[in-house]
Amino acid sequence: MAKFEQKLTEMLRPAVEETGKELLGVEFISAGNNSVLRLFIDHENGIDVDDCAEVSRQVGAILDVEDPISSEYNLEVSSPGIDKPLFDMAHFKSVIGETVNIKLSMPLNGRRKFKGTLVAIEDDTLIVDVDGSDYELVFKNVDKANLVARL
C-alpha cells in the first residue's frame, strides 16, 4: 500500500470503527478533477447502502477538517464485494488456499501480474502457485491484490 494511502487509512480507521464497521483499506486514484478516494468497509452482517452513507458522512467530516487531499476528488464508500480487495498481511493470512490476483509495483522475472493459489506466507513473503510454479512475492512490492471469487 502506498504511504499516502496508509496515512489516509490510519486517519480514517477510528471514524469508520465508531460506526461499528471495519475499514479494510483505502484506494486513492489520482485523475485530476476526476480523482477518487475509495474506502472499502465490512461488517460481519454484511454492508448495505445505509452503512456506506453513514460511513461517508462520518469520514467526510474528518476529510473536511484535516483536508489531506489538495485536489478535487469524489469520496466513494463500498463493500468489498465478491472480489474482496486484500490490503494487509492479515487479509492475506485469512485467504491462504484461495485464488488471488496480485499486481506488483516492481516486476518479478519480467512480470507484474500473478493469478494463482496463495499457498503460504513466510515472514513478509507471499508464496503463490501459478500454473504449477511457486512465486515468492514480497508483500511490500504488492501494489494491488484481491480474492478471486468462486462461482
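Which hand, right or left, does the crossing of helix 1 and helix 2 have? The close-ups below begin with that pair. This is a predicted model, where local features need pLDDT of at least 70 and side-chain atom pairs count only at pLDDT 80 or more, while totals for chains, interfaces and linings use all residues. Residues are numbered from 1 along each chain as its sequence is written, and side-chain values use heavy atoms, with hydrogens and water left out.

**View 1. Helix 1 meets helix 2.** The crossing is right-handed. Helix 1 (residues 3-18) and helix 2 (residues 49-66) pack at about 150°, with axes 9 Å apart (axes are lines fitted to C-alpha atoms over the stretch in contact, and angles run from 0 to 180 degrees between N-to-C directions).

View 2. Five strands line up in the order 7-6-5-4-8, with antiparallel pairing (two strands pair if DSSP finds at least two bridges between them). Strand 7 and strand 8 stand at the edges with a single partner strand each, so one side of each lacks a neighbour in the sheet.

**View 3. Strand 5 beside strand 6.** These two strands pair in the antiparallel sense over five bridges. I121 has L126 of strand 6 as its bridge partner.

**View 4. Around L118.** Leaving aside neighbours within four places in sequence, L118 is in contact with residues including F92, V95, L126 and V128.

Technical notes. Contact = heavy atoms within 4.5 Å. Helix = DSSP H or I, 4+ residues; strand = E, 2+ residues; numbered from the N terminus. Left-handed = near helix turned anticlockwise from the far one by under 90°.
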